[in-house]
Amino acid sequence: MKPTTRGTLAAVVTGVAAAMGASAAPAAAAETVPVPVPLEGVEHSLNVKMPRLGGELPLLTPGAPEGPQYVEGRLLPASALPQVPLGAALPGVVADTPLPRVVGEGFEHVGVDAPAADLRTLTPGLHADTPLTSPNPQMFGLPLTKDAEVGLLAPVLRTEPTASLGLG
């Protein structure tokens, strides 16, 4: 390969790597995606004050499940189906609507602001064990029978939503 060809190839590979790195960084940094509702066209065409609406939609971020935990005396690991953590946000809403002057001066609009709230979850999990014990050396390496064990781990949901209502 000629030095000019190698230089050109290196420049192209470097440019592609830089472009991939630059485009991946903003997408990974965003936790919610803003969703505006455009009502300005209706407001201008009908000459009426329209509500201002918008929202935020969450992006799911899956976590890594815990690895298998082996317990002495059991043939299967402690969590046969591990719980997987998922992080996201509850959707947020911003709404602001004009009011008629029925209430009086200074009360021209009412607004609600409910920002996106962090949401941490764990998927359901499963604990199971076989109806056989581990090999018993006193029984010539044969396992003994026992009751089968099955347990379901409930899903977990943690969040702290907030909202504010304003009149002005």
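Student: Why is V35 called partly exposed?
Tutor: This is a predicted model, and V35 comes out at 34% relative accessibility. Buried means under 20% and exposed means over 50%, so V35 lands in between and counts as partly exposed. You'll find V35 in strand β1, residues 32–37.

Student: What makes R52 and D96 a salt bridge?
Tutor: The cut-off is a side-chain nitrogen within 4 Å of a carboxyl oxygen. The closest N and O atoms of R52 and D96 are 3.8 Å apart, so the pair qualifies. R52 sits in strand β2 and D96 in strand β5, so the contact ties together parts 44 residues apart in sequence.

Student: How many salt bridges are there in the whole structure?
Tutor: Two. K146 and D129 also meet in one, at 2.6 Å from N to O. K146 is in the loop between β8 and β9 while D129 is in strand β8, so this pair links parts 17 residues apart in sequence.

Student: Is D129 buried or exposed?
Tutor: Buried: D129 has 5% relative accessibility, and the limit is under 20%. K146, at 26%, counts as partly exposed.

Student: What makes β3 and β10 edge strands?
Tutor: The open sheet runs β3-β4-β7-β10, with antiparallel pairing. β3 and β10 each pair on one side only. β3 pairs with β4 over two bridges, and at least two are needed, so that counts as a pairing. In β4, L86 is the bridge partner of P62.

Conventions
Residues numbered from 1 in each chain as written. Predicted model: local features only at pLDDT ≥ 70, side-chain atom pairs only at ≥ 80, totals over all residues. Heavy atoms only, no water. Helix = DSSP H or I, 4+ residues; strand = E, 2+ residues; numbered from the N terminus. Buried < 20%, exposed > 50% of the residue type's maximum accessible area, 1.4 Å probe, protein only.
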